Amino acid sequence: MIQQSCVRCLKNTMCFLNFLCWLCGAFVLAFGIFMMMNSRFSSLIISFWPIFPANTLVVTGTIVTCVCYLGFLGALRENRCMLISFFILLFILMLVELAMACVMLVFNREIDMFFEKDLLRSLELYKQSSETGNETLRDDFDAVQSIFRCCGINGVSDWEGRVPISCCTTDPCVSDPQQNWQEGCHMKLRNWFARNFLSTGAGVISLFIIQFLCMCFTLPLFCRLSRSGLGYK
């Protein structure tokens, strides 16, 4: 009787934690999709698209929802095979999350270097393209300059005299000569990415804590089911 009560308590706790983890994963996935649909800067950054905030959220959210759903079903049905599969997948997922965090911390300077190179490449493509060519890149670059109130990568001089109207300090741009923003977009965009990565990191840490709690309850439940002969293999 006591054995069944312990199993029931562990089962209910596991179901609750995995449902909570699934909800968090679904929210992360939905937020990542929202960011991906509304982001105007992805065409400017191509060297490290796998760790672009929106991509990171979508991939993490998808994997977490699937793994936590497996854990929820395993606990609900008291299925030992599903529970041990859930434990292994969750352990691998946590290792990957830790590895990604370490890579971003260790190679932070290299990431910033690739970031600046991508922006310079986008600037050169913008200058070389016609008014009807590279429309997505041109629109994204214009959006960056308008939103962040900046011009060029390191300053207005990057445009070498051919300054686009998106650099103008007034809207509509009626001044003659055109008054432009003097500050470059590199630092402003880098700070924007840093804030997004901070939000992403906070969400991943919260998920990591829930995942760790799920792991802590998975093995006791599995052992109880094995000893008592309850549950499906």
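**How much is tucked away?**

What share of the 233 residues in the protein is buried? Buried residues make up 41% of them, where buried means under 20% relative accessible area, exposed means over 50%, and partly exposed covers what lies in between (1.4 Å probe, protein chains only). The protein exposes about 13,200 Å² in total, and carbon and sulfur atoms supply 66% of that area. Accessible areas here come from the Shrake-Rupley method with a 1.4 Å probe, and for residues only the protein chains shown count as cover.

A quick word on the ground rules. This is a predicted model, where local features need pLDDT of at least 70, side-chain atom pairs count only at pLDDT 80 or more, and totals for chains, interfaces and linings use all residues. Residues are numbered from 1 along each chain as its sequence is written, and side-chain values use heavy atoms, with hydrogens and water left out.

**The overall layout**

You'll find six helices and zero strands in the protein, so the pattern along the sequence reads α-α-α-α-α-α, given that helices (H or I, at least four residues) and strands (E, at least two) are DSSP runs, numbered from the N terminus. Of the contacts with a separation of 6 or more, 73% join residues 24 or more positions apart; a contact means heavy atoms within 4.5 Å.

**What the UniProt record says**

An unreviewed UniProt entry lists residues 16-37, 57-76, 83-107 and 197-223 under "transmembrane region". Those positions are given in the numbering used here, feature names are shortened, and annotations may be inferred rather than shown by experiment.

Take two of those spans in the model. Residues 16-37 are 100% helix and 0% strand, with end C-alpha atoms 32 Å apart. Residues 57-76 are also 100% helix and 0% strand, and their end C-alpha atoms lie 28 Å apart.

Ile84, Ile88, Phe91, Ile92, Leu95, Val96, Leu98, Met100 and Leu219 make a nonpolar surface patch of about 730 Å². Patches are made of residues with over 30% relative accessible area and no salt bridge, joining like charges within 9 Å and nonpolar side chains (Val, Leu, Ile, Met, Phe, Trp, Tyr) within 5 Å. A salt bridge is a side-chain nitrogen of Lys or Arg within 4 Å of a carboxyl oxygen of Asp or Glu. Helix α3 (residues 80-106) gives the most to this patch, with eight residues.

Leaving out residues up to four places away in sequence, phenylalanine 87 touches Met215, Thr218 and Leu219. Phenylalanine 87 and leucine 70 are 17 residues apart in sequence and 9.7 Å apart in space, C-alpha to C-alpha.

Helix α5 has 14 residues and reaches 20 Å from its first C-alpha to its last, close to the 20 Å expected at 1.5 Å a residue. That expected span is 1.5 Å times one less than the number of residues. Among the buried residues of α5 are Leu137, Phe141, Val144 and Phe148.

Just after α5, arginine 149 takes a positive phi of about 55°. Arginine 149 sits in the loop between α5 (135-148) and α6 (186-228), and it counts as exposed because its relative accessibility is 53%. Glutamate 160 lies in the loop between α5 and α6, and its phi is near 55°, a positive value in a residue other than glycine. At 59% relative accessibility, glutamate 160 counts as exposed.
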